[in-house]
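Please take a careful look at the two-chain model shown below.

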Amino acid sequence: MKKNGFDFGKIMSWLAANPIPLIVVVLVIVPFISPYKALATQMVILGLLALGYNILYGYTGLLSFGHAAYFGLGAYATGIILIRTNCSLLTAIGAGVFVAFVGACLIGFLCLRRRGIYFALLTLAFAQMLYFTANMWESLTGGEAGLRNIPHPPLAIPGLFSVDVYAPTRFYFFVLAFAVIALILLNRILESPFGRVLQGIRENENRAKALGYNTNRIKWLSFVLSGIFSGLAGSLYTLHIGFVGIDELYWEMSGKILMMILLGGPGTFFGPFVGAGIFLYLEDIISGYTRYWMIVLGPIFVLSVLFFPQGVWGTVRLFLERLRKTPLEEG
Amino acid sequence: MEILRTEKVTKRFGGLSAVLDVDMTLEKNEIQSIIGPNGAGKSTLFRLINGEMRPSSGRIWFNGEYITGMDQTAVSLRGIATTYQITNIFPRLSTFENVRLAVQSRKTAYNLWSKCGSDTKVNGKAGDILRTTGLHRKKDVLAGNLSYGDKRRLEIAIALGTEPILLLMDEPTSGLSPVETNEMAGLVRQIARGLSVILVEHKMKVVMDLSDKITVLHEGQVIARGDPGSIREDATVRRVYLGGVKV
């Protein structure tokens, strides 16, 4: 192979093999090129949510229609604990993650008694149950009006430091730090023996069971992991907008997550972020022109699913892979 | 040494007895074939042994342990593997990963942190099995893209990955050409050196060549058993199954 000169193919092939630096650069630039910083933050938070969902749908092959539940649980738990107690920022986030974890444990356990469409509808039913519970339980959740006046404690370790993280750029990087940790964890998990079994279950659950894997328990773990990441996203979302709306538990939210995944590329590592980014960007632009932005986004979604079933990121990856293979095989 | 024993094993579906009072025993390192016309209960018997289904009545021992009513996961972990008549693989994983997952099943399922790529023991074992089954050069191909004959081999490679003591093989040569059938028979003979095999097979030449012992099922019941020579001469077997065909 020649070593001198600017070799475009070689750069592309390197990027295909090591996409992480590229992604990090993109994520660092995003807030400065997006129409406004809050949008970039929202992209990362919903990317994190889609990432959590992807563990379950993209990697384990379980279609949940109720992932708003864990997002909402995380969001409400963080909001409620901040309003009612004097706790620190990290405790509030921890509480959100914990409540989502407990919710996913219980709901996952029950839903996983059934497979396929019955599973999907059970997840939807439980999510709707939470929605109506939040709607009725006004004293705790604020009901339809939502949870308002959520305080914004600084990021602090008593005696060590205390930083206000809510300035738009700063908050973006605060959220990004969580997203990067989540990405690293997820990368580890997917490459682990456990992660491989998840993919085995997605491909052929019966055979995985025949190999001696306790597929029910493994699916449950996948569900819970997925719920934890979604809960973290919900928690950060509360801090981001300083408000918890009942819509975050609504089934439409679950649908949006699924759309983001399908746009970005189910079962691909960065697909959820790409999907969330595209979805929110289009929503932002189109809703600037019309209230009926869904009418425009709908056909875009349909076309994308028809012509890029691998999603945007899945398609890009295939393309990069092809670039990578050709020079390597020749050399 | 006796590796498997069934006692009056029965499976009823409604009024129909798919398997009725089947007694069988299998010695260590034996290849025993089960033959019989379609619907004789051969595949159902496999499902009863490997835990996919619970028998309606009767008892099963494997390797000295009472395994009746255990689920498939538990039975698999005790050393019974199945290869399926209808290819049953992980289509969108690589050929290597298909086998690696099987090997990994003996070790861990809940390790979330270590890297699969660096487990040289598991990876080495998977590589060995791919070499044995002749799939090594195709290890990076997605399993779903393999040729039919290679998928049949992968089917066996996956089962071998779980290091079984007893291998239940449901028509390994199903759909294969005469040449491929010979190769497959050779592979079965080769892998059977270190383990016990129960073989369900329709191709009589394969059955006669490979088996130490043959059990004939008809309408869920055992109607004959013996070595290949005696089964060939058995008048009842000839009537209900071989149909007078010279074998």
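**Interface, chains and local detail**

The contact between the chains takes 27 residues from chain B and 20 residues from chain A, where two residues are in contact if their C-beta atoms, placed from the backbone, lie within 7 Å. This is a predicted model, in which local features need pLDDT of at least 70, side-chain atom pairs count only at pLDDT 80 or more, and totals for chains, interfaces and linings use all residues. Residues are numbered from 1 along each chain as its sequence is written, while chains are lettered from A and ligands numbered from 1 in the order in which they are written.

Q: Which element of chain B has the lowest mean pLDDT?
A: pLDDT is the predictor's confidence in each residue, from 0 to 100, and chain B has a mean of 91, with 98% of its residues at 70 or more. Among the elements of chain B, α3(B) has the highest mean, 96, and the lowest, 74, belongs to helix α9 (residues 235–242).

Q: What is the radius of gyration of chain B?
A: Chain B has nine helices and ten strands. The globule rule, 2.2 Å times the number of residues to the power 0.38, is set against a radius of gyration taken over C-alpha atoms. For 247 residues the rule gives 18 Å, so chain B is as compact as a globular protein of that length, its own value being close to this at 18 Å.

Q: How far apart are the end C-alpha atoms of helix α5 of chain B?
A: The expected span of a helix is 1.5 Å times one less than its number of residues. For the 14 residues of α5(B), residues 148–161, this comes to 20 Å, which agrees with the separation of its end C-alpha atoms, 20 Å.

Q: How many of the 14 residues of α5(B) are buried?
A: A residue is buried if 20 or more other C-beta atoms lie within 10 Å of its own, exposed if 12 or fewer, and partly exposed in between, with C-beta atoms placed from the backbone. The cover over the buried residues of α5(B) includes β6 (80–83), α3 (95–104), α4 (120–132), β7 (166–170) and α6 (178–191) of chain B. Among the buried residues are Lys151(B), Arg152(B) and Arg153(B), and the helix is mostly covered, the number of buried residues being eleven.

Q: Why does Gly311(A) count as buried?
A: Gly311(A) lies in helix α14 (residues 311–330) of chain A. Leaving aside neighbours within four places in sequence, its contacts include Leu262(A), Gly264(A), Pro266(A) and Gly275(A). Gly311(A) is buried because the number of other C-beta atoms within 10 Å is 26.

Definitions and conventions: Helices (H or I, at least four residues) and strands (E, at least two) are DSSP runs, numbered from the N terminus.
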